Amino acid sequence: MSTEPAPTATLPEEPAAAPTDATSEAAEPPVTPQDTDGAPRPPARPLTAALLNLSGLGLGYLHLRAWLRLVVALAATAGLAWVALPIGREPIAVWWALGYLGALGLFALDAALLARRRARRETPRDAVWTPRAAGRIAWATLAIVPLLGTAYVVTQQEVLEQYLAYDLDQAEESLESVGSAFGAFRKTYDTAYTTYLRTAEEHPGTRAAERVPGLIDDLYAQAKGDKECTALTVVRHFAQPGTHGPLRAVAEGELAGALHGCGMESVEGGQLSAAAEPLTELMTDHTSSDPAAALPDDLAAWRDGLIKQLASKKGCTETAEARDSASFLAGFDSGKVSALADKARTQVPAGLLECAVRQFKAQDHLGAQINLTAILDEYPRAKEAGYAGRLQIATGIARLDPKAGVKLPPRTEPEGTVTVTVHNYSPEKLEMVYTGPATGVITIAACDDCSYYAKGDQPECTGYSLTVPSETMTIPAGDYITATRHDGIIFGWADKKVSKESYTADSWLCTWRHER
C-alpha cells in the first residue's frame with residue numbers, strides 16, 4: 001500500500017517591525033533653504049555680510065534678516081546725514097566722518113560674526129539673497145560710501161567757493177561805494193583788506209584765493225587816488241608795523257617816493273608849509289633813497305621856474321612866491337637844498353621894490369610898506385635897500401597925508417641947496433622924517449633941560465640955543481611934509497595932520513613931544 005508523506009506544518013512569517021519615531025527623525029536629512037530651482041541654498045557668507053554692511057545702508061543685516069541691527073545701522077547713516085546736510089560754508093568736523101567710518105567697521109565685523117554663528121547652526125536661518133547674488137550686491141554697493149563722500153567733498157567745496165566769492169564781491173562793492181575818500185572811510189578799506197587776507201590765508205587753494213592779489217592791488221590803487229598827498233596818507237597807513245599781508249612791504253618800499261611826491265605836489269601848489277614836513281622826513285629818514293637824491297634837482301628846477309616868472313612879470317605874486325621859496329629852501333638841514341636859497345634871494349629884493357612902487361602908485365600905501373619893510377629886514381645889504389628906506393618914509397607919511405603919496409621919491413637923491421637946522425625941544429631922542437624934493441630922516445639927541453608939552457602947546461622956537469640939541473641937513477629947496485617916527489612907526493605932529501613946510505636958505509625948524 002502506498003503511503004503519502006505526512007504534511008508538515010509551516011509557521012507564517014512575522015511582519016517586520018515598524019521603525020520608531022526617533023529613528024525616523026534621525027534618518028531624515030536636515031532641512032536646507034531652497035533656491036528657486038529647488039536646489040539647497042547655502043548659508044550667508046561672513047565676508048559677504050561684512051561687505052554688504054560697508055555700504056552704509058545696513059544691507060548685511062538685511063541679508064541676514066537682522067531687523068533690529070538694520071534699524072541701528074540706518075539710524076547711524078541718518079544721523080550723519082542730519083549733521084552733514086544741508087551743506088554749509090564749512091565742512092563737518094572730521095571726527096564725525098571718522099566716527100561714522102568706525103561705526104561702519106563695527107557693523108561689518110558684527111555682520112560677519114553673526115553670519116558665522118548662523119552657519120554653524122544645524123538649521124541655519126534663511127538669507128535674503130543667494131551667496132552669488134549677495135556677493136554681487138556687496139561688491140556693487142561697496143563704492144557707495146566713497147562715492148557719496150567724494151560727492152559731498154566736491155559739493156561742499158563748490159558751496160564754499162560761492163560763499164567766498166560772495167564775501168569778496170561784498171568787500172569790493174563796499175569800496176566802490178566810498179570811492180577814493182580814504183581818510184573818511186579808512187575803516188571800510190581795512191575791513192575789505194582783512195576779508196581779502198582771510199580768504200587767501202584760510203582757503204589758499206580756492207578760486208576765490210586766486211582773485212585776492214588782484215583785488216588787493218585794486219584796493220591799494222583806489223585808496224591812493226590821483227593826488228600825491230592822499231597817496232602818502234595811504235602809504236603811511238599800510239606801512240605801519242601792525243599791518244599784515246603784502247601791503248606792508250609794498251607800502252614800506254613806496255614811502256620815500258610818496259614823501260617826495262606829496263612834498264613836490266605841495267611845493268608846486270604854493271603850499272610850502274605843508275611841503276616842509278614830508279620833504280624834511282624824506283631828507284632825514286630816507287637819505288640814501290633815490291627820491292631823496294633827486295630832491296635837490298627837483299627843487300632847483302622849481303626855484304628856477306619861479307625866478308623866470310619873476311624876471312618876466314615882476315609882479316607882486318611872483319615876488320611873494322620867490323621870497324617864500326627862499327625862506328622855504330633855507331629851512332632845510334641838507335646843505336644841498338639850503339644852498340638853493342641863495343639864487344632866489346638875489347632876485348627877491350628887486351621884485352619886492354618893483355611891487356612896492358606899483359602899490360605906491362595905486363595908493364596902496366600899507367601894502368607898499370609891508371614889501372619895503374621886508375627888503376630892509378631881510379635883505380639889508382641889497383642894493384635896493386637905500387631907495388626902499390626912502391620910499392618907506394614916503395609911504396608912511398602918505399598914510400597920514402595923501403599929498404605925500406602923489407609923487408614917487410626920486411631914485412637918486414638930488415643935491416642939497418638949502419641948509420636947515422632942526423632943534424629938539426623934547427626930553428627924548430626924536431626922529432623927524434620928511435618927504436618932498438628929497439626924502440629922508442634926521443635923528444636929534446634928547447634935550448636934558450626940556451620937558452613934554454601939554455596937548456595943543458608948542459615951544460617958543462628961537463632958532464638958536466646952546467642947550468637945545470639940533471642937527472643940520474642940506475636938502476633941495478621946495479615944499480616938504482614932515483612927521484615924527486617912533487619905533488619905526490610914523491606919526492603926525494601933535495596928533496594932528498603932518499606939517500608942510502617951505503624951507504629957504506638958513507632956515508630952522510623945531511621939534512617937540514607932547515605929554516603921553
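Mentor: The structure holds 12 salt bridges, a salt bridge being a side-chain nitrogen of Lys or Arg within 4 Å of a carboxyl oxygen of Asp or Glu. The model is a predicted one, in which local features need pLDDT of at least 70 and side-chain atom pairs count only at pLDDT 80 or more, whereas totals for chains, interfaces and linings use all residues. Residues are numbered from 1 along each chain as its sequence is written, and side-chain values use heavy atoms, with hydrogens and water left out.

One of the bridges joins Glu254 to Lys224, with the closest N and O atoms 3.2 Å apart. Glu254 belongs to helix H11 (residues 246–268) and Lys224 to helix H9 (residues 207–224), so that distant parts of the chain, 30 residues apart, are linked; helices (H or I, at least four residues) and strands (E, at least two) are DSSP runs numbered from the N terminus. Glu254 is partly exposed at a relative accessible area of 29%, while Lys224, at 19%, counts as buried, where buried means under 20% relative accessible area, exposed over 50% and partly exposed in between, with a 1.4 Å probe and protein chains only.

Another bridge brings the side chains of Arg236 and Glu277 together at 3.4 Å, N to O. Arg236 lies in helix H10 (residues 228–238) and Glu277 in helix H12 (residues 272–285), so this pair ties together parts that are 41 residues apart in sequence. Both ends are partly exposed, Arg236 with a relative accessible area of 30% and Glu277 with 46%.

The bridge between Glu428 and Arg513 has an N to O distance of 2.2 Å, and it links distant parts of the chain, 85 residues apart: Glu428 is in the loop between strands E1 (418–424) and E2, and Arg513 is in the segment after strand E8 (507–511). Here Glu428 is buried at 19% relative accessible area, and Arg513 is buried as well, at 7%. Elsewhere, salt bridges with shared partners join Asp169, Glu172 and Arg211 into one network.

Leu219, its neighbours within four places in sequence left aside, is in contact (heavy atoms within 4.5 Å) with Leu175, Tyr189, Ala192, Tyr193, Tyr196, Phe238 and Leu247.

Cys229 and Cys262 form a disulfide with their sulfur atoms 2.1 Å apart, a disulfide being a pair of cysteine sulfur atoms within 2.5 Å; Cys229 is in helix H10 and Cys262 in helix H11, 33 residues apart. The link is right-handed, with 95 degrees about the S-S bond, and Cys229 is partly exposed at 24% relative accessibility, whereas Cys262 is buried at 6%. By this rule the count comes to 3 disulfides. Another of them joins Cys316 and Cys355, whose sulfur atoms are 1.7 Å apart, in helices H14 and H16 (residues 341–361) respectively.

Finally, the structure holds 7 aromatic pairs, which are rings of Phe, Tyr and Trp (its six-membered ring) with centres within 6.5 Å, counted as stacked when the planes are under 30 degrees apart, edge-to-face when over 60 and tilted for the rest. Tyr434 and Tyr480 make an edge-to-face pair, 6.0 Å centre to centre with 70 degrees between the planes, and they link strand E2 (residues 430–435) with strand E5 (residues 478–486) across 46 residues. Both tyrosines, Tyr434 and Tyr480, are buried. Phe182, Tyr189, Tyr193, Tyr220 and Phe238, in turn, form one aromatic cluster.
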